[in-house]
Amino acid sequence: MSDTSPLHALLGGTFDPIHFGHLRPVEALASQVGLQQVTLLPNNVPPHRPQPEASPAQRVEMVKLAVTGQPLFNLDQRELQRQTPSYTIETLEDLREERGEQQPLAFIIGQDSLLSLHKWHRWQALLDVCHLLVCKRPGYSAQMETAALQRWLDTHLAADISSLHRQPAGLIWLADTPQVEVSATEIRRRLHLGLSCEDLLPAAVIAYINQHGLYRG
């Protein structure tokens, strides 16, 4: 291990609402890779997705409720303070500047995001500022779309976990995390239909959703 701070990871998302598909793979990833802290970064205006149903304040409150009493997680609201689209690379560059050049920093994505990463804004700059930790997702290919993208992936794969802690950025780790078959889209669909979601998200989040009448009708 280096003399720098422990590897710090970040998870972005709309969190509309936050659910076990976000939390459980990351908890397993933290155990596997040796993460002491994961920062949740709720998006304000997702560039590639429909606008959230819940307001920014409601989504933040649900994140807070979901991670209460879990020291692994903390919350960063900087993207919600922007009036422009939330581009991951810009947020990561801000965080890199704050943490310094030597802090090992990682961004957590799913296999689905890895496969479409080449469509992200300034995607090739991501590994200049962080590592990528990739969680499995049900039903997604293990191969990149083109031979060139597969070569890019193979070139950056981390040989071992310790390298993620020694280097500040530049590596990709394909994590062996549980594949949780739950999505916010499916949760919202179930809630619109009045169906139970007790096994899909934390009880405190369900209570908040019910209290505020979210995802109804």
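**Entry 1, helix H2.** I began at the end of helix H2, which is followed by Gly69, a residue whose phi is positive, near 80 degrees. I am working from a predicted model throughout, and I keep that in mind for every value below. I then checked the length of H2, which covers residues 56-67: at 1.5 Å a residue its 12 residues should span 16 Å, and since the end C-alpha atoms are 17 Å apart, the two values agree. Next I looked up which residues of H2 are buried, and found Gln58, Arg59, Val60, Met62, Val63, Ala66 and Val67. The buried residues of this helix pack against helix H1 (20-33), strand E2 (37-42), strand E3 (73-75) and helix H9 (203-212).

**Entry 2, strand E5.** I turned to strand E5, residues 131-135, where five of the five residues are buried, so the strand is largely enclosed by the rest of the structure. When I sorted its side chains by direction, His131, Leu133 and Cys135 pointed one way and Leu132 and Val134 the other way, with all of them buried. I then looked for its partners in the sheet, and found that strand E4 (residues 105-110) runs parallel to E5 and is joined to it by five bridges, with Ile108 standing opposite Leu133. Strand E6 (residues 172-174) also runs parallel to E5, here through three bridges, and in this pairing Val134 stands opposite Leu174.

I asked next which residues have the most contacts inside the largest nonpolar core, a set of 42 residues, and noted Ile18, Leu35, Val38, Met62, Ile108 and Leu133. At least two residues of this core come from each of strand E1 (8-13), H1, E2, H2, E4, E5, helix H8 (184-192) and H9, and H1 gives the largest share, six residues.

How many aromatic pairs does a search of the whole structure find? I noted two. In one of them the ring centres of Phe107 and Trp120 are 6.5 Å apart and the planes are at 80 degrees, so I recorded this pair as edge-to-face. Phe107 lies in strand E4, whereas Trp120 lies in the loop between helix H4 (111-115) and helix H5 (126-129), so the pair ties together parts that are 13 residues apart in sequence. I also checked burial for both partners: Phe107 counts as buried at 6% relative accessibility, and Trp120 counts as buried at 19%, where the cut-off for buried is under 20%.

The other pair is formed by Trp123 and Trp152, and is edge-to-face as well, with 5.1 Å from centre to centre and 75 degrees between the planes. This pair links distant parts of the chain, 29 residues apart, with Trp123 in the loop between H4 and H5 and Trp152 in helix H6 (residues 147-156). Trp123 is buried, with a relative accessible area of 14%, and Trp152 is buried with a relative accessible area of 14%.

How values were computed:
Residues are numbered from 1 along each chain as its sequence is written. This is a predicted model: local features need pLDDT of at least 70, side-chain atom pairs count only at pLDDT 80 or more; totals for chains, interfaces and linings use all residues. Side-chain values use heavy atoms; hydrogens and water are left out. Helices (H or I, at least four residues) and strands (E, at least two) are DSSP runs, numbered from the N terminus. The expected span of a helix is 1.5 Å times one less than its number of residues. Buried means under 20% relative accessible area, exposed over 50%, partly exposed in between (1.4 Å probe, protein chains only). Contact means heavy atoms within 4.5 Å. Two strands pair if DSSP finds at least two bridges between them. Rings of Phe, Tyr and Trp (its six-membered ring) pair if their centres lie within 6.5 Å; planes under 30 degrees apart count as stacked, over 60 as edge-to-face and the rest as tilted. A nonpolar core is a set of buried Ala, Val, Leu, Ile, Met, Phe, Trp, Tyr and Cys residues joined through side-chain atoms within 4.5 Å.
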